[in-house]
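Please view the sequence and the model first, then read the points by topic.

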Amino acid sequence: MGRAAFSPYFHIESSKETPKLVLGEELKQLLQTRQGESDLCLVKGKWFLLATCNVEEPPTDSQGGVIGVDMGIVEIATTSEGKSYSGTKVKVLRKKLREHRRRLQKCGTKSAKRRLKKAAKRQERFVRDQNHCISKQLVKDAKASKKALGLEDLKGIRARTSTGFNKEMRWQMGGWAFAQLRDFVTYKARKAGVEVVVIDPRNTSRTCSVCGHCEKANRKSQKHFVCLACGHSENADHNASKNIAQKSEQKRALVNVPIVSELLISGTSPLAC
């Protein structure tokens, strides 16, 4: 249950009489669970309906294992099932707008400042749309296969990339919307009844998903992974996503270990005799 602002799903038809609020079917159903009062606000020329709705979360049905999701720059997301979502379009747009901002910043006029704001909003909208599309597909695939989603905890990624990377890579990593994508996946998964497991990403890109050997030299390049112990070779992002899936499975197993009282009740404990 929470407070939410809905803008893209409704509009107000103005007339000489009373304004009419036109809602989509999804929003009509959502507002059936509205709690308390709602507020209609005008923010920067856009209307927002602020309402608190009590939405029941469906029970999770993740009995088929875990789909690991590796997040990156070249590929925004790569799953352990072999699917990948390219980040090329976002990367090209960000570079294009970066050069555009540099030219406008040198100009320094009021018109240039207005265009700077427009450029920033354009990039934000594009990245947000990409993250919505990717998160929607990830949750859809997990629900269809009755699997959980394993995600990396990339909190503090900007601080970790402040050293050891060149200026261009720091710019790419620092401006990437990893947190937004994770948030989108999390709330869509809760709504769909898909379990989300968050794990420590440490060494997921250096560890062989076949034999478990961990070494920095295993990662030959951004794309290629070759295990120095067993010789296993595959796409580096796909290998990392498999490690994420394995670590997520282990975490789920630890969390779901039955306590002693449950074993005694079920009669499966050696103490129940």
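N239 lies in helix α7, which spans residues 236–255; helices (H or I, at least four residues) and strands (E, at least two) are DSSP runs, numbered from the N terminus. With a relative accessibility of 0%, N239 counts as buried, where buried means under 20% relative accessible area, exposed over 50% and partly exposed in between (1.4 Å probe, protein chains only). The C-alpha atoms of N239 and T79 are separated by 9.4 Å, although the two residues stand 160 apart along the chain.

This is a predicted model, in which local features need pLDDT of at least 70, side-chain atom pairs count only at pLDDT 80 or more, and totals for chains, interfaces and linings use all residues. Residues are numbered from 1 along each chain as its sequence is written, and side-chain values use heavy atoms, with hydrogens and water left out.

- Strand β9 covers residues 148–152, and five of its five residues are buried.
- In a regular strand the side chains alternate between the two faces of the sheet.
- Which residues of β9 are buried on each side? A148, G150 and E152 are buried on one side, and L149 and L151 are buried on the other, so that both faces are covered.
- Strands β6 and β9 run parallel and are joined by three bridges; two strands pair if DSSP finds at least two bridges between them.
- Between these strands, V66 has A148 in β9 as its bridge partner.
- Strand β10 (residues 196–199) also runs parallel to β9, with four bridges joining the two.
- L151 has V198 in β10 as its bridge partner.

**Salt bridges**

- A salt bridge is a side-chain nitrogen of Lys or Arg within 4 Å of a carboxyl oxygen of Asp or Glu, and by this rule the count comes to ten.
- One of them joins K191 to E26, with the closest N and O atoms 3.2 Å apart.
- K191 belongs to helix α6 (residues 178–192) and E26 to helix α1 (residues 25–30), so this pair links distant parts of the chain, 165 residues apart.
- Both K191 and E26 are exposed.
- R190 and E57 form another salt bridge, at 2.3 Å from N to O.
- R190 lies in helix α6 and E57 in the loop between β5 (46–53) and β6 (66–71), so this pair ties together parts that are 133 residues apart in sequence.
- R190 is partly exposed, with a relative accessible area of 48%, and E57 is partly exposed at 45%.
- The side chains of E234 and K242 also meet in a salt bridge, at 3.3 Å from N to O.
- Is E234 buried or exposed? E234 is buried, with a relative accessible area of 15%, while K242 counts as partly exposed at 26%.

**Surface patches**

- Patches are made of residues with over 30% relative accessible area and no salt bridge, with like charges joined within 9 Å and nonpolar side chains (Val, Leu, Ile, Met, Phe, Trp, Tyr) within 5 Å.
- Accessible areas come from the Shrake-Rupley method with a 1.4 Å probe, and for residues only the protein chains shown count as cover.
- Helix α3 (residues 110–145) gives the largest share of the positive patch, four residues.
- K117 lies in helix α3 and is exposed, with a relative accessible area of 62%.
- A nonpolar surface patch is formed by L40, L42 and W47, which together have about 300 Å² of accessible area.
- L42 is found in strand β4 (residues 34–43) and counts as exposed at 51% relative accessibility.

**Positive phi values**

- Most residues other than glycine have a negative phi.
- K146 is not a glycine, yet has a positive phi of about 55°.
- K146 sits in the loop between α3 and β9 and counts as partly exposed at 46% relative accessibility.
- N203, also a residue other than glycine, has a positive phi near 70°.
- The loop between β10 and β11 (224–226) holds N203, which counts as partly exposed at 33% relative accessibility.
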